[in-house]
Amino acid sequence: MVAYGSPLYVYSRSDIENNWREFDEAFGNHPHLVCYAVKANSNLAVLNTLAKIGAGFDIVSEGELERVLTAGGQASQCVFSGVAKTTQEITRALEVGVRCFNVESASELDRIELVARSLNTQAPISIRVNPNVDAKTHPYISTGLKENKFGVDIDDAISLYQQAHQSEHLNVQGLDCHIGSQLTEVSPFLDALDKVLELVDQLNQQGIEITHLDLGGGVGIQYDDEKTIDIQAYIEAIIEKVGNIEIILEPGRAIVGNAGVFVTKVEFLKQNSDHSFAIVDGAMNDLLRPSFYDAYHQVLPISENANGTQASWDLVGPICETGDFLAKGRDLSLSQGDYLAVMSAGAYGFTMSSNYNSRPRVAEVMVSGDQHNLVRERETIQDLFDKEHF
Ligand code: LLP
């Protein structure tokens with residue numbers, strides 16, 4: 001902390017590697033590709049760590065694609081998800097040869113076909129179906145219900161597949177489905193898989209062959225005391241249902257979530273008759289999850305302090321919003337200047353950060369064995385308005 005300043009994200013390289021390998025190894029000899037969902041944490045050092053051990057990547061923008069390529073990842077191991085791929089994004093993805101487009105609507109299929117035609121090539125596609133399954137997670141991160149904007153109705157998918165099958169410029173490869181994030185039970189995944197497999201059968205009957213199933217991401221992690229999914233059992237249950245078909249998974253949070261912490265420093269302690277506030281230097285712009293989803297992150301003291309004040313503290317940031325908090329009601333012994341670790345912050349931490357209140361984005365550090373390296377410099381004040389003009 002002293003070397004890098006505060007606030008700060010710190011990641012563990014070995015945790016990232018071990019988490020990805022747990023997925024990869026659970027498949028044994030079954031054909032598979034574990035595509036890390038870049039949106040969870042897109043730092044180049046994280047991507048490079050995963051590229052080196054053979055990971056594929058799930059990307060949702062040209063920016064993520066270029067990050068993967070810059071970090072040493074292969075386009076041929078990238079699946080391209082997202083509801084609104086632009087012509088430019090599709091063009092670039094075709095030029096570099098992504099593994100597959102996960103198509104989310106009829107109009108997107110038309111656009112991909114048009115771009116592929118103009119480049120005189122074939123676009124590899126899967127249709128993302130919405131199986132109408134309740135992922136039993138936070139409504140903001142549930143994606144597999146009819147009321148969600150993602151994918152196409154499972155009943156409408158057949159006609160899109162027929163259209164794609166007949167096109168000279170589309171190459172039907174797979175079928176895709178992602179029902180939500182931070183799932184703590186396997187049953188919604190398996191219910192969705194059953195629906196997907198029914199569709200695969202119907203397509204086969206029409207002579208449309210599906211060579212891979214992309215079952216998305218969504219495996220939850222432990223933030224508090226929630227139960228989590230046994231990855232080995234989950235993958236074995238998939239393999240049991242699918243026969244020989246290749247499986248793609250897109251885990252994000254499960255790879256990086258518990259491989260990272262957010263470090264913040266107590267600036268002031270402020271107690272009134274009702275509440276004890278620890279005002280810390282980290283804020284909702286740095287780690288949005290508590291404010292946005294009311295998400296729980298465990299908070300641990302980094303240094304033991306014998307002279308601290310014991311209380312039930314609300315950890316609040318410097319931003320001018322009541323919603324700016326990292327944690328509420330935590331029994332801790334605190335004093336000014338203490339460092340705290342906000343746990344499970346490796347996923348959707350830095351990637352969701354912003355410059356709100358003109359706060360420079362924080363530094364990121366990767367720990368590898370007994371080494372530690374700065375993998376993103378702290379932004380400077382000048383960085384904040386470098387691209388502005390008057
Ligand atoms: N694939 C697709 C198509 C996705 O939309 C997502 C996440 C993933 C894979 C990765 O899901 P994971 O394995 O990480 O659950 N910002 C929220 C999470 C949003 C997830 C969006 N999509 C949070 O902080 O909880």
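In this predicted model, helix 10 (residues 289-293) gives the most to the lining of the largest pocket, with three residues. The space in that pocket comes to about 740 Å³. Its lining is made up of 33 residues, and K39, T143, F150, H178 and Y348 lie nearest the centre. By residue class, the lining holds 13 nonpolar, 11 polar and nine charged residues. Domain 1 (31-251) and domain 2 (258-384) each supply at least three residues to the lining of the largest pocket.

**Nonpolar core**

The largest nonpolar core has 105 residues, and F57, F101, I125 and L213 are those with the most contacts inside it. Helix 7 (residues 187-205) supplies the largest share of this core, nine residues. At least three residues of the core come from each of domain 1 (31-251) and domain 2 (258-384). As a general point, nonpolar side chains in soluble globular proteins tend to be buried together.

**Salt bridges**

The model has 10 salt bridges. Three of them are listed here.

| Pair | N to O distance |
|---|---|
| E66 and R92 | 2.5 Å |
| E108 and K85 | 3.1 Å |
| R99 and E246 | 2.8 Å |

E66 is partly exposed, at 27% relative accessible area. R92 is also partly exposed, at 25% relative accessibility.

The salt bridge between E108 and K85 has its closest N and O atoms 3.1 Å apart. E108 sits in helix 5 (residues 106-118), while K85 sits in the loop between strand 4 (78-80) and helix 4; the pair therefore ties together parts that are 23 residues apart in sequence. Are these two residues buried or exposed? E108 counts as buried, at 4% relative accessibility, and K85 is buried at a relative accessible area of 2%.

Because R99 lies in the loop between helix 4 and strand 5 (100-103) and E246 in strand 10 (residues 246-249), the pair ties together parts that are 147 residues apart in sequence. R99 has a relative accessible area of 19% and is buried; E246, with 18%, is buried too. Salt bridges that share partners also join R361, R376 and E379 into one network.

**Backbone features**

Most residues other than glycine have a negative phi, and most peptide bonds are trans. The model contains exceptions of both kinds. The peptide bond joining S6 and P7 is cis, with omega about 0 degrees. P7 is in the segment before strand 1 (8-12).

N132 has a positive phi, near 55 degrees. This residue lies in the loop between strand 6 (123-130) and strand 7 (152-153). N132 is partly exposed, with a relative accessible area of 35%.

Where does N357 lie? It is in the loop between strand 16 (339-342) and strand 17 (363-368). The phi of N357 is also positive, near 65 degrees, and N357 counts as partly exposed at 33% relative accessibility.

Definitions and conventions:
Residues are numbered from 1 along each chain as its sequence is written. This is a predicted model: local features need pLDDT of at least 70, side-chain atom pairs count only at pLDDT 80 or more; totals for chains, interfaces and linings use all residues. Side-chain values use heavy atoms; hydrogens and water are left out. On a 1 Å grid over the protein atoms alone, a cavity is a set of points where a 1.4 Å probe fits but cannot get out, and a pocket is an open set with protein on both sides within 12 Å along at least five of seven lines; lining residues have an atom within 4 Å of a point. Grid points are joined across faces, edges and corners, and a volume is the space filled by probe spheres set on the points. Helices (H or I, at least four residues) and strands (E, at least two) are DSSP runs, numbered from the N terminus. Ala, Val, Leu, Ile, Met, Phe, Trp, Tyr, Cys and Pro count as nonpolar, Asp, Glu, Lys and Arg as charged, and the others, Gly among them, as polar. Domain bounds come from an automatic or database domain assignment. A salt bridge is a side-chain nitrogen of Lys or Arg within 4 Å of a carboxyl oxygen of Asp or Glu. Buried means under 20% relative accessible area, exposed over 50%, partly exposed in between (1.4 Å probe, protein chains only). A nonpolar core is a set of buried Ala, Val, Leu, Ile, Met, Phe, Trp, Tyr and Cys residues joined through side-chain atoms within 4.5 Å.
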